[in-house]
Amino acid sequence: MSAVPPLSPAELEAHLDAATALLGLTVAPEARASTLAHLAATMAAARLVSGFAFDDELEPAPVFRP
Amino acid sequence: MTASASVKSQSSGAMEQTVSAALARIATHDGRVGAFTDVTADRAVAAARAQDASGAGGPLAGVTFAAKNLFDIAGLPTRAGSKINRERAPAERDAELVRRMEAAGAVLLGGLNMGEYAYDFTGENVHDGPSRNPHDLTRMTGGSSGGSGAAVAAGFVDVALGSDTNGSIRVPSALCGCFGLKPTYGRLTRAGTFPFVHSFDHVGPLARSVRLLSLAYDAMQGPDAADAATTTRDPEPATASLEDGVAGLRIATLGGYFAEKGEPDCFEAVARVANSLGADRAVTLPEAARARAAAYVISATEGAALHLDRLRTRPDDFDPAVRDRLIAGATVPAAFVAQAQRFRRWFAGAVAKAFEEVDILIAPATPCRAPKLGQTTFTLGGETLPVRPNLGLFTQPISFIGLPVAAVPVWLDDGLPLGVQIIAPPWREADALRVARALERDGVAGVRVPAF
């Protein structure tokens, strides 16, 4: 599976601005650096997951039944 | 606390005396510990007197408990560690597990401090102040069930109820030095508790002994249509087999991911447990780092979806450390979340395969002993990382697939405790508790009462 490329800091900021606008959320100036740091960490985790070789048949587990 | 609770009557019965002593200890010491956000003294004394008068027994007769403040307690707003939720109307009834604890004879002493909306591993709270580690008041309890760990460790209660989405029972159990049980996902009803991440939210007990942990767990089992995730399996009591020892159980230590990013102490605690149990083999779970990453993505995004309206309308009323993580999570593309849920299925299958060869897996609960309050970073495996999300790096892959875990406290020296996870296959809490009890009996795990 091809890896999702990481975003540059400027791309990450552009994503945050676009996505928060879409969701009706506001990021205060003093919260911007912290929010971007959390977004970078969460996207790094998402990229790691996305790099897995998924079978097309693999079902999600939205409600896990052990 | 009310005068009626603090003055012991000459003619008070055994339970009233127990409750009065506990309330007095809380009144004397909790100002420094910060375990409780509400002490329900009048209710506790009334319940104790009723128990003394009726002579009613029950498996938890004589036991005191308190509940993380995301559990509904009739008459109190369920604040879930937040400023926003404390404006809610008081709960009209108790959470189902509070009710079941009382039905078994335990007496409720109040609601406990926690990290805001449970998105926390530190036990710090900007609105109520931190819960402080009873063994060193300058240090964290761990979270998010920080008040639960502190209340048990301080000797304020015998049992505390907590919740665990990514480690929030196991982390404070480890840092405060008490026993904790995160049951199988779906084993105990969450009805009447405020959620965080429905996919992973578990509830369970912390206690000062394995027997109390097991008795509380048994008392709380059973179906509940009010929680969609609660199992319809019959209860499988654990207390009857608690003294059976570990004979017949195949036990292994987790290697790989679970033996890397931690201070040497946490691995020493695991080695001590493994030696005591005669566990001389190691098992490596495939893709554990990816499992943790997937849990991280689902928590951030599902948590954000839960709080989206509050994030939109009242961002300034959140703890900034929680708000900024949630807003970041809200912006993660849905495709990544769907992949994380698909990966969850894969990882559950891979771990099930590992459990064909072993019955119990051992791993650290936290990568270090309790950090200082206010500490924001630590160094693990040569890498400097933020404390808040990373105290749970060993617990998160396990709750991701709902496995039952008993956390046991290990004391390597006269310093602070560490925790070890005793991990079992789904629905085999009884085996995890058997192992925990064997460790307690052998003096390898146990609770120490702090000198206040």
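Which residue in strand 5 of chain B is the bridge partner of B:Asn133? The legends below come back to this pairing in the second view.

The model is predicted, so local features need pLDDT of at least 70 and side-chain atom pairs count only at pLDDT 80 or more, while totals for chains, interfaces and linings use all residues. Residues are numbered from 1 along each chain as its sequence is written, and chains are lettered from A and ligands numbered from 1 in the order in which they are written.

**View 1. Chain B as a whole.** Chain B has 14 helices and 15 strands, where helices (H or I, at least four residues) and strands (E, at least two) are DSSP runs numbered from the N terminus. Its radius of gyration, taken over C-alpha atoms, is 20 Å, close to the 22 Å that the globule rule (2.2 Å times the number of residues to the power 0.38) gives for 452 residues, so chain B is as compact as a globular protein of that length. Along the principal axes, the C-alpha atoms of chain B fill a box of roughly 60 × 55 × 45 Å.

**View 2. The hairpin of strands 4 and 5 in chain B.** Strand 4 (residues 132-133) and strand 5 (residues 136-140) of chain B run antiparallel and are joined by two bridges, which meets the rule that two strands pair if DSSP finds at least two bridges between them. With two residues between them, these strands of chain B form a hairpin, and the bridge partner of B:Asn133 is B:Asp136.

View 3. B:Phe121 lies in the loop between strand 3 (107-112) and strand 4 of chain B. Leaving out residues up to four places away in sequence, B:Phe121 touches several residues, among them B:Gly142, B:Val171, B:Arg388 and B:Leu391, a contact being a pair whose C-beta atoms, placed from the backbone, lie within 7 Å. The C-alpha atoms of B:Phe121 and B:Asn390 are separated by 7.9 Å, although these residues are 269 residues apart along the chain.

**View 4. The contact between chains A and B.** Chain A brings 31 residues to the contact and chain B brings 39 residues. On the side of chain A that touches chain B, helix 1 (9-23) and helix 2 (32-50) of chain A each supply at least two residues, and helix 2 of chain A gives the most, with eleven residues.

Notes
Two residues are in contact if their C-beta atoms, placed from the backbone, lie within 7 Å.
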